[in-house]
Amino acid sequence: FVIWRETFEALLIVFIIWTGFSRQGIWLAARPFVGAGVLIGIALSGFFAWVILFFGESTETSAAQVLQAALPLLAAGLMLHMVLWMSAHAQEVVGEIRTLSKSHESKTIKWGVLGLVTYAITREGFETVVYLYGMSMNPPNKSLGLPHYVGVLALGTLASFLSLFALKKGMALFNLKAFFRLTNFFLLGTAASLLANGINKLIELEYVSPLVDPVWNSTGIVSGESAL
């Protein structure tokens, strides 16, 4: 779900740029810079993921333990910020991208598009890495292996391309505003879970007092191991 949402946001920016440049008849001039921005963004995201995994799993030092507690909290904060920011500024961003796509100035097209696409892909990749690593700190997820995450990556990416295809074809069933409202709701739920996981980790490390242990226990109603 997270990969679906994050990949779709990145694809949407590229799609808006492609639409604008195609209508202006200058897509061929901009295409190399869009492609370069995508590749640079993916490379930077991959490098960040490697750094996080190497530092977080190669050692069990106190610094690594703090990182494992901090990343879920960072992910929760990023999710909350993204939901609030997107709600307030989505139309402004779309307007700025369309303004750039209507520019006929060669330098503006080249460097503006390269910078925008690189930033968009890197930002979404950074958020995805933080979200997935934060969720992997949840005890039930620690036993999941690489094939699981490869499958998740493939399904999320496929869903994002299908969503973009539906949007491109103008399908009535795909409402962009409704899509973001619904996914915002689920992201807020995920953020709440990450916040709880991060605080639990800090309590285990004795950086935070549990106050009353536990403050609240709902396992009599819904077990923590249940599908629900």
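Predicted model: local features only at pLDDT ≥ 70, side-chain atom pairs only at ≥ 80, totals over all residues.
Modeller: First, a term: accessible areas come from the Shrake-Rupley method with a 1.4 Å probe, and for residues only the protein chains shown count as cover. The accessible surface of the protein is about 13,800 Å². Carbon and sulfur atoms hold 69% of that surface.
Colleague: How many helices and strands does the protein have?
Modeller: Six helices and zero strands. Helices are DSSP runs of H or I with at least four residues, strands are runs of E with at least two, and both are numbered from the N terminus.
Colleague: New topic. How many aromatic pairs are there?
Modeller: Six. Rings of Phe, Tyr and Trp (its six-membered ring) pair if their centres lie within 6.5 Å; planes under 30 degrees apart are stacked, over 60 edge-to-face, the rest tilted. Phe1 and Trp4 are edge-to-face, because their centres are 6.2 Å apart and their planes at 90 degrees.
Colleague: Is Trp4 exposed, partly exposed or buried?
Modeller: Trp4 is partly exposed, at 26% relative accessible area. Buried means under 20%, exposed over 50%, partly exposed in between (1.4 Å probe, protein chains only).
Colleague: And which residues are in the cluster?
Modeller: Ring pairs link Phe1, Trp4, Phe185 and Phe186. Phe185 is exposed at 59%, and Phe186 is partly exposed at 42%.

Terms used. Residues numbered from 1 in each chain as written. Heavy atoms only, no water.
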